[in-house]
Amino acid sequence: MVRSLLMIPGPVEVDTGVLTAMAQPPLGHTSASFIEIFGACLDALRDVFRAPDGQPFVVAGSGTLAMEMAVANLIEPGDRAVVVDTGYFSHRMAGILARHGAVLESVSAPAGDCPSLERVESALKAGTKVLAITHVDTSTGVLAPVPDLAALARHYNALTVVDGVCALGGETFEMQAWDVDVCLTASQKALAVPPGLALVMAGPRAIQAFEARRRPAGSYYCDWGLWLPIMHAYQARKPSYFGTPPTSLIAALYESVKQILKEGMEARWARHRKLGASMRAAMQALGLKLVPARPDLYADTLTTIYYPDGVDDTLVGRIGQHGVAVAGGLHPDIKGRYFRVGHMGILCDAEIRQTVAAIEAALKDVGYLGEAGAGVTAAQAAYERPR
Ligand code: PMP
């Protein structure tokens with residue numbers, strides 16, 4: 001099998017140490033070895049989320065389950081929720097909120113933009129239980145201004161829920177300092193673990209809001225009331241059982257979290273800033289236009305790029321033929337007009353160069369470029385530029 005370099009926005013490339021941790025014979029969920037791994041992993045996750053007072057939940061599932069876990073435990077039918085709509089995953093969040101009975105207001109922006117703080121503020125003024133934000137919308141590559149939005153939510157006494165699926169572990173994020181109440185993610189993105197784990201970090205106000213519910217959560221599997229004793233038990237290094245944890249994946253997550261903390265959060269965020277700047281510089285050197293409307297909206301975990309005139313979405317397959325897997329468009333309004341390159345997790349300049357070279361080769365195949373090379377040169381120069 002010829003394997004392509006995986007540069008889609010998740011799943012991502014995974015370190016061999018993480019794969020090795022996953023490839024050991026499965027541990028029993030009440031064995032002393034697994035209890036230590038899971039307990040230490042939960043403790044360490046607080047450092048990754050920058051949430052010293054947070055309560056982590058790690059369960060088998062994907063990011064969508066993590067979204068549903070946040071909503072199911074905070075929302076009761078009739079509660080108001082405001083969604084900062086930056087694309088496809090904000091639409092999904094709105095769908096989950098509506099399914100759990102929320103009275104919804106989505107504050108939208110055209111694809112590639114983010115609604116203004118003023119518009120979000122006027123939606124919050126009506127009194128809202130939850131403000132939902134997608135930190136990086138994977139369909140647009142738009143980075144939302146989480147600290148400003150969370151400060152607004154605090155002012156109007158709403159709980160802030162951040163979908164960090166395409167951000168956490170790559171973009172700067174300080175859950176406690178920014179006053180975020182819930183941040184959720186999945187294993188297969190910037191945490192650099194294979195898919196299969198849903199992660200939710202709940203701050204003290206979110207747990208209090210859960211405890212004040214009038215009726216149980218509208219989902220059995222997601223119910224914090226059933227998972228809290230389990231997470232507490234692992235944190236206290238004691239055996240417990242609710243739903244069998246995916247022990248091999250959790251061993252892999254722990255290995256990755258140790259690597260992340262060894263690199264250091266600031267260094268990791270800085271490396272992702274270099275990855276983002278480098279990929280954007282390359283695309284701009286090739287004369288390509290980015291989807292985010294302004295530089296302050298650029299995410300560093302993925303780049304979204306319009307096809308140039310005369311080039312269509314078969315470009316993604318051509319890039320694949322040059323050994324690099326990238327993704328097509330996802331936002332319904334611009335779906336066939338752009339492609340997406342993920343650059344999160346363990347990557348560095350070598351993978352960016354390889355990706356840009358494959359994009360250049362594909363653009364040469366379709367006659368857009370006469371000569372290849374300008375993109376790779378721009379990528380490397382931007383990677384090396386101090387920032
Ligand atoms: N939110 C965001 C921002 C995402 O990028 C994704 C996955 N691409 C999800 C939620 C849903 O995660 P999953 O596909 O793991 O269910």
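## Arg271 and Glu263

At 13% relative accessibility, Arg271 counts as buried (buried is under 20% relative accessible area, exposed over 50%, partly exposed in between; 1.4 Å probe, protein chains only). Arg271 forms a salt bridge with Glu263, with closest N and O atoms 2.7 Å apart (a side-chain nitrogen of Lys or Arg within 4 Å of a carboxyl oxygen of Asp or Glu). Glu263 is partly exposed, at 30%. Glu263 also meets Arg268 in a salt bridge, at 3.2 Å from N to O.

This is a predicted model: local features need pLDDT of at least 70, side-chain atom pairs count only at pLDDT 80 or more, and totals for chains, interfaces and linings use all residues. Residues are numbered from 1 along each chain as its sequence is written, and side-chain values use heavy atoms, with hydrogens and water left out.

## Domain interface

The chain divides into domain 1 (5-9 + 264-384) and domain 2 (16-263); the bounds come from an automatic or database domain assignment. Their centres, taken over C-alpha atoms, are 28 Å apart. Contact (heavy atoms within 4.5 Å) joins 31 residues of domain 1 to 34 residues of domain 2.

The two domains bury about 2,600 Å² between them, 56% of it on carbon and sulfur atoms. Buried area is the accessible area (1.4 Å probe) that two parts lose on being put together, summed over both. Met265, Arg268 and Trp269 supply 24% of the area that domain 1 buries against domain 2, more than any other three residues. Four salt bridges cross this interface.

## Nonpolar cores

The largest nonpolar core has 95 residues; Phe57, Trp224 and Leu253 touch the most other members. Such a core is a set of buried Ala, Val, Leu, Ile, Met, Phe, Trp, Tyr and Cys residues joined through side-chain atoms within 4.5 Å. Helix H2 (residues 32-49) gives the largest share, eleven residues. Helices (H or I, at least four residues) and strands (E, at least two) are DSSP runs, numbered from the N terminus.

A second, separate core of 30 residues includes Met279, Val311, Ile319 and Leu363.

## Other salt bridges

The total is 21 salt bridges. Asp181 pairs with Arg205 at 2.8 Å between the closest N and O atoms. Asp181 lies in the loop between strands S8 (159-163) and S9 (182-186) and Arg205 in helix H7 (residues 204-211), so the pair ties together parts 24 residues apart in sequence. Asp181 is buried, at 2% relative accessible area. Arg205 is partly exposed, at 31%.
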